[in-house]
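Please keep the sequence and the model in view while reading.

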Amino acid sequence: MKNYNKLVRDNIPQILENNGQIGHFKVLNENEYRLKLRQKLKEEVNEYLLAENDDSCIEELSDIIEVIHSLAGVHKQSVESLEKRRLEKLTERGGFKNRIMLIATE
């Protein structure tokens, strides 16, 4: 038996069953879910950082976005309110498209 102890997408139990595999699962309480989502975000970011081509990067970024959507819900916010906040910060501070790196201040 291989142990994972990690949060998986909702359709994984059915996918495993369809492949003839037996999975052992647990439904998390709210605190466990929040913790596992945070761990999942780290996992997905690390996978993104290790990705070696554009397709793999996009695959991992899509996973990161899915985790972020779930985290917004954990924090009692909608994806729309998250996007609104992102746009407010974009308007106030800008984005990252100009590739500006701060070296130092005096």
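The points below concern charged side chains, their pairing and a few backbone angles.

1. The model under discussion is predicted. The remarks on individual residues should be read with that in mind.

2. Salt bridges come to a count of 7. Side chains of opposite charge can pair when their charged atoms come close. Three of these contacts are taken up in the next points.

3. Arginine 9 pairs with aspartate 63, and their closest N and O atoms are 2.8 Å apart. Because arginine 9 belongs to the segment before H1 and aspartate 63 to helix H3, the bridge ties together parts that are 54 residues apart in sequence. The two partners fall into separate accessibility classes: arginine 9 is partly exposed, with a relative accessible area of 45%, whereas aspartate 63 is buried, at 15%.

4. Glutamate 43 forms a salt bridge with lysine 6, with an N to O distance of 3.3 Å. Lysine 6 is partly exposed, at 38% relative accessible area.

5. Glutamate 43 also forms a salt bridge with lysine 40, where the closest N and O atoms are 3.3 Å apart. Both residues lie in helix H2, 3 residues apart, which is about one turn of the helix. Lysine 40 is buried, with a relative accessible area of 12%. Through shared partners, salt bridges join Lys6, Lys40, Glu43 and Glu44 into one network.

6. Which residues form a positive surface patch? The patch consists of Arg34, Arg38, Lys42 and Lys76. Lysine 42 is located in helix H2 (residues 30-50) and is exposed, at 61% relative accessible area. Lysine 76 is found in the loop between helix H3 (54-74) and helix H4 (79-93), and it is likewise exposed, at 65%.

7. Backbone angles also deserve attention. Most residues other than glycine have a negative phi. Lysine 76, however, has a positive phi near 60°. Arginine 99, which is not a glycine either, has a positive phi of about 60°; this residue lies in the segment after H4 and is exposed, with a relative accessible area of 76%.

8. Helix H4 contains 15 residues and reaches 21 Å from its first C-alpha to its last, close to the 21 Å expected at 1.5 Å a residue. Just after H4, glycine 94 adopts a positive phi of about 90°.

Key
Residues numbered from 1 in each chain as written. Predicted model: local features only at pLDDT ≥ 70, side-chain atom pairs only at ≥ 80, totals over all residues. Heavy atoms only, no water. Patch = residues over 30% accessible without salt bridge, like charges linked within 9 Å, V, L, I, M, F, W, Y side chains within 5 Å. Areas by Shrake-Rupley, 256 points an atom, 1.4 Å probe, with all protein chains shown as cover. Salt bridge = Lys/Arg side-chain N within 4 Å of Asp/Glu carboxyl O. Lys, Arg positive; Asp, Glu negative; His and termini not counted. Charge placed at Lys NZ, Arg CZ, Asp CG, Glu CD. Helix = DSSP H or I, 4+ residues; strand = E, 2+ residues; numbered from the N terminus. Buried < 20%, exposed > 50% of the residue type's maximum accessible area, 1.4 Å probe, protein only. Expected span 1.5 Å × (residues − 1).
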